[in-house]
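Reader: I have just opened this structure and would like to learn how to read it. Could you walk me through it, one feature at a time?

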Amino acid sequence: MKRFIAALFILPMLFSGAGADDGLIERIDALATGKLKDRAAQIEAISETGDARAVPALQALRDGSLYFRKSDKKVFLAEKSGSDFVLKDPLTAAEVETLSKSAVRKVKVNNRLRRQLTAVIGSMTLESPDPGTRLAAARTIFKTGDVSALEALEAAIRTEQNADVLAAMELARASALLKSDAETFEKVKAVELVGTRGGRDAVPLLKELESSQDESIAQAAGKQIAQIEKAQVLWNSAQTVWYGISLGSVLLLAAIGLAVTFGVMGVINMAHGEMVMLGAYTTFVVQEVIRGSFPGLFDYSLLMALPLAFLVAGACGFAMERGIIRFLYGRPLETLLATWGVSLILQQAIRTIFGPTNREVGNPSWMSGAYELGGLTLTANRLWIVVFALIVFAALFLVLKRTGFGLQMRAVTQNRKMASSMGIRTPWVDALTFALGSGIAGIAGVALSQIANVSPNLGQSYIIDSFMVVVFGGVGNLWGTLVGAMTLGIANKFLEPYAGAVLAKILILVFIILFIQKRPRGLFALKGRAVEA
Amino acid sequence: MSTLKNRIRSFGMATIVAATTASSAAWAEDTIKVGILHSLSGTMAISETTLKDVMLMLIEEQNEKGGLLGKQLEAVVVDPASDWPLFAEKARELLEVHEVAAVFGNWTSVSRKSVLPVFDELNGILFYPVQYEGEESQRNVFYTGAAPNQQAIPAVDYLLENEEVERWVLAGTDYVYPRTTNKILEAYLKSKGVSDEDIMINYTPFGHSDWQTIVADIKAFGSEGKKTAVVSTINGDANVPFYKELGNQGISATDIPVVAFSVGEEELAGLDTAPLVGHLAAWNYFQSVDTPENEAFIEAWKAFIGDEDRVTNDPMEAHYIGFNMWVKAVEKAGTTDVDTVIDEIIGVAVPNLSGGYSAMMPNHHITKPVLIGEIQEDGQFDIVDQTDGLVAGDAWSDYLPDSAKLISDWRKPLECGNFNVETQTCGGKGS
């Protein structure tokens, strides 16, 4: 083995220049041999060629799609198709053959090798014709501060035309300079460049220099860090507010259906969480069908799941109202117990049908990743959930205020007898209102499936929070639910850094108890005749 | 006359009743009952149902091989419904009503603590298959899961050596296992020269789902220019949103690796693992272990459960080892008598699924290899490191000053679970 590696190091001396085809392919094939700890040297040997044709193989190695054939230990780029693997030539990417899973084996890597590979690929793609690739390469070097890339960077800076890429490369060069043995004045200049242009990502690089032997470097680094952190303070509070809004929107989604069934109708519905769960499982089923039959439509799976979840949960709510709750109006304790029983039945039914384990609901591509907005990081799934929560709120608000059904609903809540004598079929309105509340819980489940576990216990984790929001906001008032959810979310997030997640939750609960003592009807109390009823 | 008739009738009834009781008793003589005490409903059903199934499979396999001591094994399944006090009641039911020869069960530490007095009082045998916080050794309990020195410590060693980690986040769910494990790890890290300011400890409630602030904190903690890693004792359901948030905030395993002690194949099954590639887990078994024993086990499991997509995990292997150990001890003793089996099982060695033999130690813990795996895109683990030999489970941690001087040895004449080597006294039976 040792001799083999030694031979590899001699090879480039034998074949120099671009004609060294055999050397490169042999170096790549060497990856199939030896143990995990030998791999760093093997990657080093490949990068020494500086041959850009090796990049696809290195990328595949990093991403875990580099395989070798067990029979002759030749290395290939592999693509999974069904249970088989399509093997492609590591240099030309030409298809070679298709083999079964048992005939190939993956070339293993670990985190340390992935870091090495990222750095190596970065310095090898600096000359790539695609500006996007060059930009990514420069950013990688900036983060790793790879000294060995310095030469390649300087060569690339001389020929670079694109202004954005050039700026990124200069920043990367500064970062690499910091770790090199360059002159002090050069390093101080680099510190300033990294500090002023690097933003938050520069902090780790500068922190390392703060304890530097050279005083002027340490001072410069300290000054830059202080400046970055000063600029960051305001952004940090903004970030906390954002986290609060995001948590608040989750609470709002969970509670808004309950605001209808409990808030408007006064039914203590313990099975509310299970309606959310039904919505999440509907999403799972929709995604399964899409995965099986129309994989191209995966990005639209949530949009398709929305109406279905509304119908499934709504129908379930309708059946519940007609079958159980209508016999129990005016008897809150019995309603509580009966709906709690229903929630257990639904949980166990889901457990029997789908199994007790979590189900995977995928994120469509537009809900993955994060956006940078100044010093803020907005994760895509949270952003969409905030938007979605507000849309649902607005839609429900319009239904209640602007439609005939909403008018009837409000009439029945405010004065049942009068509404009935005006010709409104109150039992029918009751059933539809309950179905509406449940349906909204269902579509909340579609959104929550993106951030929570889809398991039979999903609903339980939201039921307490939902009641808290509705009671705090004021029973029977949608605005109260909105303001209540946002207040609790933001308060929780501001408390969390100081008190820890466990204590923050307790403090919020204590606060609500005290608040309800003072204002038993919540933030926005309903006034008028309904109160006395 | 009528009274006589009645008497005859009642006599006849009595005989029939007596006969049925006798025959059912005689029938019961032909089987050995094995109790299975795992939650099939409630929060823990997600993890424990699988263990019930694997026990049924092992019992079925044993019966096909001709049973035990010439008798068939009979599984008695009860459902403690993730309710800790109910665990004690159900354990009592298994031992008193069903008179089972051994019980396999429990997942959470709190449920184990709740059944301990029952097993002590009624003198039963419990095999406990889950990694736990240690600091316990009971005469009636056999711990086939990992003690902290068989999971947490080797994982931290791996990060120290291979990833050269200097700053540590110890994140856990707020209950006894993470708190004790983190206490041990904190002491261990400090013994390795890690300073206070380089350790961040964070606890979250059960089922915590909003990880934005904490992940942002971890990110900030990790951007101080020193290599940072997260040691996660986050339990169960809270893991999925935690990993999702890590992925969304763009923290990859190459930046800040997370090593988890409660995340196995089963937990990953509910997750899109692509953003998690490279995060680590430490266990004594992975489904990806490449041995003929494991291959046979996976095949048998998939056939038994009738689902090609079901995965195997570490607590399942622990039951596999524990059950085989019990079978071997019973065969050796020639009886299922509890006291005899408790004496005979010490020293019994059975094959584990990673190609070696696990043995029962005098402290009622077993020897196991420790494996470090990296999460792959297919939801499986790539084994990146493995201890050279087997690691013996240590009931009392060497890194906690109060526990360091305690040893456990259930062989005669010591027969003590917490013998203090300094004072030369046994601190009481068990606990």
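Reader: Where should I start with chain B: what share of its residues is buried?

Author: Let's begin with the term: a residue is buried if 20 or more other C-beta atoms lie within 10 Å of its own, exposed if 12 or fewer, and partly exposed in between, with C-beta atoms placed from the backbone. In chain B, 52% of the 431 residues are buried. Please keep in mind that this is a predicted model, where local features need pLDDT of at least 70, side-chain atom pairs count only at pLDDT 80 or more, and totals for chains, interfaces and linings use all residues. Residues are numbered from 1 along each chain as its sequence is written, while chains are lettered from A and ligands numbered from 1 in the order in which they are written.

Reader: How many helices and strands does chain B have?

Author: Helices (H or I, at least four residues) and strands (E, at least two) are DSSP runs, numbered from the N terminus. For chain B this gives 13 helices and 19 strands.

Reader: What part of the contacts in chain B links residues 24 or more positions apart?

Author: Two residues are in contact if their C-beta atoms, placed from the backbone, lie within 7 Å. Among the contacts in chain B with a separation of 6 or more, 68% are between residues 24 or more positions apart.

Reader: Where is confidence lowest and where is it highest in chain B?

Author: The score to look at is pLDDT, the predictor's confidence in each residue, from 0 to 100. Chain B averages 88, and 92% of the residues score at least 70. The lowest mean, 47, belongs to helix α1 (residues 2-29) of chain B, and the highest, 97, to strand β4 (residues 126-128) of chain B. Over residues 11-28 of chain B the pLDDT is below 50, and this stretch has zero contacts in the model beyond near neighbours in sequence. Where pLDDT is low, the predicted coordinates should not be read in detail. For the complex, the predictor gives an ipTM of 0.78 and a pTM of 0.81.

Reader: Which residues of helix α7 (residues 212-221) of chain B are buried?

Author: They are B:Gln212, B:Thr213, B:Ile214, B:Val215 and B:Ile218. These buried residues pack against α11 and α20 of chain A, and also against β6 (167-173), β7 (199-204), β8 (228-233) and α8 (239-248) of chain B.

Reader: How should I read strand pairing, and what is the order of the open sheet of three strands in chain B?

Author: Two strands pair if DSSP finds at least two bridges between them. The order in this open sheet is β17-β18-β19 (chain B), with antiparallel pairing. Its edge strands, β17 (406-409) and β19 (425-426) of chain B, each pair on one side only. Three bridges join β17(B) and strand β18 (residues 416-420) of chain B, and B:Leu406 has B:Asn420 as its bridge partner in β18(B).

Reader: What about chain A: how many residues lie between β2(A) and β3(A) in their hairpin?

Author: There are two residues between them, and A:Gly82 in the turn has a positive phi of about 65°. Strand β2 (residues 75-81) of chain A and strand β3 (residues 84-88) of chain A pair in the antiparallel sense over five bridges.

Reader: Last one: is A:Met320 buried or exposed?

Author: A:Met320 is buried, because 25 other C-beta atoms lie within 10 Å. A:Met320 sits in helix α13 (residues 301-323) of chain A. Not counting residues up to four places away in sequence, A:Met320 touches A:Ala271, A:Ile325 and A:Val342.
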